[in-house]
Amino acid sequence: MTIPLSRPPVDDEIKGAALAAIESRQYILGPECKAFEAEFARYIGTRHAVLTSSGTAALWMTLKALGAKAGDEVLVPAHTAFPTVEAICFSEATPVFVDVDDTYAMDPADAAQKITSRTVGIIPVHIYGHPVNLARVQELVSRHGLWLLEDCCQAHGATWQGKKVGSFGRAGAFSFYPSKNLTVMGDGGILVTDDDEIAARCRRLRDHGRLNKDVHSEVGFNLRFNDIQAAIGRVILRRLDAMNERRRQLAARYADRLAGLPLILPVEQPAARHVFHLYVIRTDRRDALAGFLRERGIQTGIHYPVPCHRQPAVEHLNPPALPRTERIVREILTLPLSAGHTEEEIDQVAAAVREFFN
Ligand SMILES: Cc1ncc(COP(=O)(O)O)c(C=O)c1O
C-alpha cells in the first residue's frame, strides 16, 4: 500500500452537495457561488470574496485591479509556485525576486533591499501554510507606500496574531487545487478584499469585462466559477478549522517521531498559526532519503526543486543569485500529510525516515 502525499476528502455529504447542485440546473456564478463567496468572506473577515477559476486567475485579476502595469516592479519570493510569478508577468509588471527566511517565506530584510523607485507592491507567499512575518511586511508596505497582495494559496485559515491571512493586505488570493487545505475537486480560486473597487473590478474581469448582460466596459476573460464546485467548497469550508487542526496534530506527531534525527523540521513563529499545507523537512541527503521512502511505497515531493528566479521563462530578467533559496531547494523534502492521513501512516513514514538515518 502506498502512502500518498495528500488524500483529499470524498464522502456522501460532498457527493450529495454536488448532486444537488447538478439538479438545481444553475451552473455558473449561481446561488451556490454567491453563498460560498459570502461564507468565505465571513470566514476570512473581509467585506468581499470573488470566486474565480484558479488561484492564478485570482492573483492576476487582483494585480490588474491594483493597476499593475509595464514598468512597475513587484517584489515576490523566488521560493514559491511559479504561478505567483506568472501572474505578475501576465499583468506586464516585472517580478523582483526576494530570498527566504527560516520559515521558507519571504525575508523582509532582503525585500527592503530590493525596493526601488519603480516598486509598486509586494506579494509575499504564506508558503507551506505558515504566514510570512506580516508585522515586518506591513511595516515595509506603509514605509514605502506599496500595496500588499497576500498569496494565501497554501494557507487557508492560517493566522498571524489571531487574524486570518488574506485580511492583512489590499487583497488575498487563494487556490482550491485538490491538495490544498480547502479543495473543490478540481481547479478553483478566490480573492478576498475589503476594497469595494477591487472586488467590483475583479467581478467584471472574470466575466469578459461585463458591466451587465450586454455591455462590456473593458476586455476581461472567462475566469468564472461554477456551482457544483462551489457546493463542494461550502461543505469543506465548514470543516476547514477541524481539518487544519487535524493537520496540526499530525505535524506535531511527525515532530515528536522525528526528533533527534539530523533533519531540520518545520518551525512556527510565536505570532503564527501554521496550517501545514505541506510538511517540509530538510536534509543534505534529500535525494537518497526520497529514494529510500519511494522503495517503501511512501510518496514524497519537492516544493519546489527549481526556484522561480532560475526558471527559463524569466531568464531574460537576469535575476541575481539568492543564496538561501538556492541552498534550501537542494535540501527540502515534503512528507505525506493531509487531514485524511491516519496516525499509523504518519508513524510508518516517520519510522522509515528513522530507519534511513540509522
Ligand atoms: C503559492 C501558490 N501560488 C499560486 C498558486 C496557483 O494556484 P492555482 O493552481 O489554483 O492556479 C499555487 C497553487 O498551485 C500556489 O501554491
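The model is a predicted one, and its chain is divided into domain 1, covering residues 12-235, and domain 2, covering residues 240-357. Within the model, helix H3 (residues 55-65) and helix H7 (residues 196-205) have axes that come within 9 Å of each other.

**The two domains**

- The C-alpha centres of domain 1 and domain 2 are 24 Å apart, and the contact between these domains draws 30 residues from domain 1 and 28 residues from domain 2.
- On the side of domain 1 that touches domain 2, the elements that give two or more residues are helix H4 (82-90), strand S3 (94-98) and strand S6 (159-160), and S3 gives the most, with 3 residues.
- When the residues on this side of domain 1 are sorted by class, 14 are nonpolar, 13 are polar and 3 are charged.

**The packing of H3 and H7**

- Two packed helices are described by the angle between their axes and by the distance between the axes.
- For H3 and H7, the axes come within 9 Å and cross at roughly 125°, and the two helices are therefore oblique to each other.
- The crossing of H3 and H7 is right-handed, and the contact is made by Met61, Thr62, Lys64 and Ala65 of H3 together with Ile198, Arg201, Cys202 and Leu205 of H7.
- By class, the residues in the contact of H3 with H7 comprise 5 nonpolar, 1 polar and 2 charged.

Notes
Residues are numbered from 1 along each chain as its sequence is written. This is a predicted model: local features need pLDDT of at least 70, side-chain atom pairs count only at pLDDT 80 or more; totals for chains, interfaces and linings use all residues. Domain bounds come from an automatic or database domain assignment. Two residues are in contact if their C-beta atoms, placed from the backbone, lie within 7 Å. Helices (H or I, at least four residues) and strands (E, at least two) are DSSP runs, numbered from the N terminus. Ala, Val, Leu, Ile, Met, Phe, Trp, Tyr, Cys and Pro count as nonpolar, Asp, Glu, Lys and Arg as charged, and the others, Gly among them, as polar. Axes are lines fitted to C-alpha atoms, for helices over the stretch in contact, and angles run from 0 to 180 degrees between N-to-C directions. Angles under 35 degrees count as roughly parallel, over 145 as roughly antiparallel, 65 to 115 as roughly perpendicular and the rest as oblique. A crossing is left-handed if the near helix is turned anticlockwise from the far one by less than a right angle, and right-handed if clockwise.
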